[in-house]
Amino acid sequence: MHPSYYRYHIFFCTNKRSGGGSCCQQYQAEEMRDYLKKRTKQLDIIGPGKVRVNIAGCMDRCKQGPVLVIYPEAIWYTWKTKADIDEILNTHLLGQQIVTRLQIL
Ligand code: FES
């Protein structure tokens with residue numbers, strides 16, 4: 001097993017800010033998080049030594065959002081569409097390569 005409990009532990013911001021401030025939920029983050037979780041389940045890559053997708057509150061990168069971060073490597077991504085989520089899934093979680101076009105530093 002990988003030294004970290006999950007090979008990839010994803011924190012997916014779904015924070016909603018009332019009053020019109022920028023937040024990840026403006027991009028249907030909850031729906032996208034559910035989509036990623038569903039896909040990892042379908043692919044049978046969830047669990048210890050594999051992948052875990054957690055909901056996260058605001059991680060204070062709202063202006064670069066919507067955001068998610070993947071540990072233990074601490075790779076941050078922004079995304080806008082379902083295709084972006086698919087690319088992170090296929091390239092990073094399955095292919096173990098960083099999606100540089102979506103990465104934020
Ligand atoms: S609302 Fe998602 S990082 Fe702040």
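Start with the cover over helix α1: what lies against its buried residues includes β1 (8-13), β2 (51-56) and α2 (82-94). Helices (H or I, at least four residues) and strands (E, at least two) are DSSP runs, numbered from the N terminus. Contact here has a cut-off: two residues touch if their C-beta atoms, placed from the backbone, lie within 7 Å.

The model is a predicted one: local features need pLDDT of at least 70, side-chain atom pairs count only at pLDDT 80 or more, and totals for chains, interfaces and linings use all residues. Residue numbers run from 1 along each chain as its sequence is written.

**Stop 1: helix α1**

Select residues 29-42. The 14 residues of α1 should span 20 Å at 1.5 Å a residue, and the end C-alpha atoms are 20 Å apart, which agrees. The expected span is 1.5 Å times one less than the number of residues.

Now color A29, M32, R33, L36 and T40, which are buried in α1. They sit on the same side of α1, because they cover an arc of only 105° around the axis. That arc is taken from the directions from the helix axis to the C-beta atoms. An α-helix has 3.6 residues a turn, so residues three or four places apart point the same way.

Turn to the face away from the buried side. The exposed residues E31, K38 and Q42 are there. A residue is buried if 20 or more other C-beta atoms lie within 10 Å of its own, exposed if 12 or fewer, and partly exposed in between, with C-beta atoms placed from the backbone.

**Stop 2: just past the helix**

Select D44, in the loop between α1 and β2. D44 is not a glycine, yet its phi is positive, about 60°. Is D44 buried or exposed? D44 counts as exposed, because it has 9 C-beta neighbours inside 10 Å.

**Stop 3: the core**

Select F12 and L68. These two have the most contacts inside the largest nonpolar core, a group of 20 residues. β1, α1, β2, β3 (67-71) and α2 each supply at least two residues of this core. A nonpolar core is a set of buried Ala, Val, Leu, Ile, Met, Phe, Trp, Tyr and Cys residues joined through C-beta atoms within 7 Å.

Stay on L68. Which residues does L68 contact, leaving aside its neighbours within four places in sequence? They are I10, F11, F12, C13, Y77 and W79.

**Stop 4: the strands**

Show β1 and β3. They pair in the antiparallel sense over four bridges. Strands pair if DSSP finds at least two bridges between them. Pick F11; its bridge partner in β3 is V69.

Move on to β3 and β4 (75-78). They too pair antiparallel, over four bridges. V67 has T78 as its bridge partner in β4. β3 and β4 form a hairpin with three residues between them, and A74 in the turn has a positive phi of about 60°.

**Stop 5: loops and cis bonds**

Select the loop between β2 and β3, where D60 lies. D60 is a residue other than glycine with a positive phi, near 65°. D60 is exposed, with 11 other C-beta atoms within 10 Å.

P66 is also in the loop between β2 and β3. A cis peptide bond joins G65 and P66, with omega about 5°.

Finish at P72, in the loop between β3 and β4. The peptide bond joining Y71 and P72 is cis, with omega about 15°.
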